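Subject: Structure handover and findings

Dear colleague,

I am passing on the structure we discussed, and I would be grateful if you could read the notes below with it open beside you.

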Amino acid sequence: MYIYDKVHEFARELKDTPEVVNYKKALDKINSNEKYKKMVEDLRKMQFEIYSIQLQGKQPSEEQMKTFESLSNIISLNPEVKEFLEAEMRFLTLWQDIFKIITDTIGIDLNPNL
């Protein structure tokens, strides 16, 4: 089908963008080092716990917030992990922008006010 050809063309272009190239390099660095990988996993776990608590309409405990801040501070001092998180954020921003362009263009509102 024609649309699939276009999507494959788009994917080939996308893989060479700085956001994707840098993210893949940073991801490879993290995945090749168990210490860095664990740091990222711990941060994500803590973020998920805090988010889950907030979704329930509650506030995280002071201890949870201190633990999260401490972990964030440690990570900010690690250039490889910090680089990975920054590259990931740039990639996710690009992906969100692409998704918004597509949904806006085809006229689909994924956040309708019901």
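What follows goes from the overall fold to the core and then to individual side-chain pairs.

Please bear in mind throughout that this is a predicted model. The protein has five helices and zero strands, so that, in the order of the sequence, the pattern reads α-α-α-α-α. Its radius of gyration is 18 Å, whereas a compact globule of 114 residues would have one near 13 Å, and the C-alpha atoms occupy a box of roughly 55 × 45 × 20 Å along the principal axes. Of the 114 residues, 23% are buried, and the accessible surface amounts to about 9,100 Å², with 57% of it belonging to carbon and sulfur atoms. Among contacts with a separation of 6 or more, 63% are between residues 24 or more positions apart.

The largest nonpolar core contains 20 residues, and Ile-30, Ile-75, Val-81 and Phe-84 have the most contacts inside it. At least two residues of this core come from each of helix 2 (18–31), helix 3 (34–55), helix 4 (62–76) and helix 5 (79–106). If residues up to four places away in sequence are set aside, Ile-30 touches Tyr-36, Lys-37, Val-40, Glu-80, Val-81 and Phe-84.

A search of the whole structure finds five salt bridges, and three of them may interest you.

- Glu-83 and Lys-29 meet through their side chains at 3.6 Å, N to O. This pair links distant parts of the chain, since Glu-83 is in helix 5 and Lys-29 in helix 2, 54 residues apart. Glu-83 counts as partly exposed because its relative accessibility is 34%, and Lys-29 is likewise partly exposed, with a relative accessible area of 38%.
- Lys-38 pairs with Asp-42, their closest N and O atoms being 2.9 Å apart; both lie in helix 3, four residues apart, which is about one turn of the helix.
- Lys-100 pairs with Asp-104, with 2.6 Å between the closest N and O atoms, and both residues lie in helix 5, four residues apart. Asp-104 is partly exposed, with a relative accessible area of 48%.

Lys-100 also takes part in another interaction, as its backbone oxygen is reached by the side chain of Thr-103 at 3.2 Å. Leaving aside neighbours within four places in sequence, Thr-103 is in contact with Ile-108 and Leu-110.

With best regards

Terms used. Residues numbered from 1 in each chain as written. Predicted model: local features only at pLDDT ≥ 70, side-chain atom pairs only at ≥ 80, totals over all residues. Heavy atoms only, no water. Core = buried A, V, L, I, M, F, W, Y, C linked by side-chain atoms within 4.5 Å. Buried < 20%, exposed > 50% of the residue type's maximum accessible area, 1.4 Å probe, protein only. Contact = heavy atoms within 4.5 Å. Polar contact = N/O pair within 3.5 Å; in protein donor to acceptor, adjacent residues only side chain to side chain. Rg over C-alpha atoms; globule rule 2.2 N^0.38 Å. Areas by Shrake-Rupley, 256 points an atom, 1.4 Å probe, with all protein chains shown as cover. Salt bridge = Lys/Arg side-chain N within 4 Å of Asp/Glu carboxyl O.
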